[in-house]
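Student: I would like to go through this model term by term, setting each value against its definition. Please begin with the overall form.

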Amino acid sequence: MPTRPLSPYLSVYKFRYTMVTSILNRFTGVALSAGVLLLVYWLTAVAGGAHAHARAARLLSSPVAKLCYAGLMFAFSYHLIAGIRHLIWDTGRGLEREQARRSAWLVGALSVALTLVIGYCAWYGGTRAP
Amino acid sequence: MSLRSPLGKVLGTGSAQQGVHHWWVQRLTSVALVPLSIWFLVSLLSLPSLDYWVVSAWMAQGSSALLLILLVLVGAWHSQLGLQVIVEDYVHGVGVRTLTLVAITFAHVLIGAAGVFAVLKVALRSAQ
């Protein structure tokens, strides 16, 4: 392993809140990777028949699981909106420092709002955890 | 004229010529996941309950089965590409990095295959 500093050499940067939007996109991405695993576990449980589903449903409706769903709702909302910001950047738009700072706040606000909307629908929409 | 040094050529250092492809596939999968994930969330929230019979009837519909398979495959693909970049950024030991990347790739292929198999099993079971 080389002794020179390796990229990304995080400790040399001055803190900026736009850094939070960047690292949060990675964190939420990792959380959603776990979400894919959870989705496939659920699909496999349904494929296993009524008994296998009932066993999985007990696990999937535990308080810890519900806390995970709340986290996943935020991870999904944030990663979706931050991802759209990235796609807009890829067209060459919005890359100026001021624009990026403004869109960072917008991503934060919109993802919190979307999380609340999804949470509201999940809680009051008639759907209950399995 | 090549600007690469003979030493660099021999050591095989420099770009692996794969970066743009990785970047592009990550974008393609992200664009596909916008409608797929929104469809999944809206469908899930629209189900009257998440009981076994309700969910399996929903999974057995042709359109749901097809979109679920796409969601699992594209989601797993996007996840693999994303985790790969994180490992390449932060895991610096060559041996550990290679092992981690291989494990991540295998795990994602397994997850993708298991998801497709599960959806097909439900969809084809009720088609009989």
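Tutor: Chain B has a radius of gyration of 20 Å, whereas a compact globule of 128 residues would have one near 14 Å. The radius is taken over C-alpha atoms, and the globule rule is 2.2 Å times the number of residues to the power 0.38. This is a predicted model, in which local features need pLDDT of at least 70 and side-chain atom pairs count only at pLDDT 80 or more, while totals for chains, interfaces and linings use all residues. Residues are numbered from 1 along each chain as its sequence is written, and chains are lettered from A and ligands numbered from 1 in the order in which they are written.

Student: What does the C-alpha trace of chain B span along its principal axes?

Tutor: The spans are about 65 × 25 × 25 Å.

Student: Why is chain A called more spread out than a compact globule?

Tutor: Its radius of gyration is 19 Å, well over the 14 Å that the rule gives for 130 residues, so chain A is more spread out than such a globule. The C-alpha atoms of chain A fill a box of roughly 55 × 40 × 25 Å along the principal axes.

Student: What makes Val31(B) buried, exposed or partly exposed?

Tutor: A residue is buried if 20 or more other C-beta atoms, placed from the backbone, lie within 10 Å of its own, exposed if 12 or fewer, and partly exposed in between. Val31(B), in helix H2 (residues 19–46) of chain B, has 14 other C-beta atoms within 10 Å, so Val31(B) is partly exposed. Buried residues make up 20% of the 128 residues in chain B and 25% of the 130 residues of chain A.

Student: How many residues of chain A are in contact with chain B?

Tutor: 31 residues of chain A are in contact with 32 residues of chain B; a contact has C-beta atoms, placed from the backbone, within 7 Å. H1(A) gives the largest share of the chain A side, 12 residues. That side divides into 20 nonpolar, eight polar and three charged residues. Here Ala, Val, Leu, Ile, Met, Phe, Trp, Tyr, Cys and Pro count as nonpolar, Asp, Glu, Lys and Arg as charged, and the others, Gly among them, as polar.

Student: How do the axes of helix H1 of chain A and helix H5 of chain B cross?

Tutor: The axes of H1 (residues 17–47) of chain A and H5 (residues 94–125) of chain B come within 8 Å and cross at roughly 30 degrees. Axes are lines fitted to C-alpha atoms, for helices over the stretch in contact, and angles run from 0 to 180 degrees between N-to-C directions. The residues of this contact divide into 11 nonpolar, two polar and one charged. Within it, Ala118(B) touches Val40(A), Leu43(A), Thr44(A), Val46(A) and Ala47(A), not counting residues up to four places away in sequence.

Student: Which residues touch the most other members of the largest nonpolar core?

Tutor: Of its 33 residues, they are Val40(A), Leu43(A), Val46(A), Met59(B), Ala118(B), Val119(B) and Val122(B). A nonpolar core is a set of buried Ala, Val, Leu, Ile, Met, Phe, Trp, Tyr and Cys residues joined through C-beta atoms within 7 Å.

Definitions and conventions:
Helices (H or I, at least four residues) and strands (E, at least two) are DSSP runs, numbered from the N terminus. Two residues are in contact if their C-beta atoms, placed from the backbone, lie within 7 Å.
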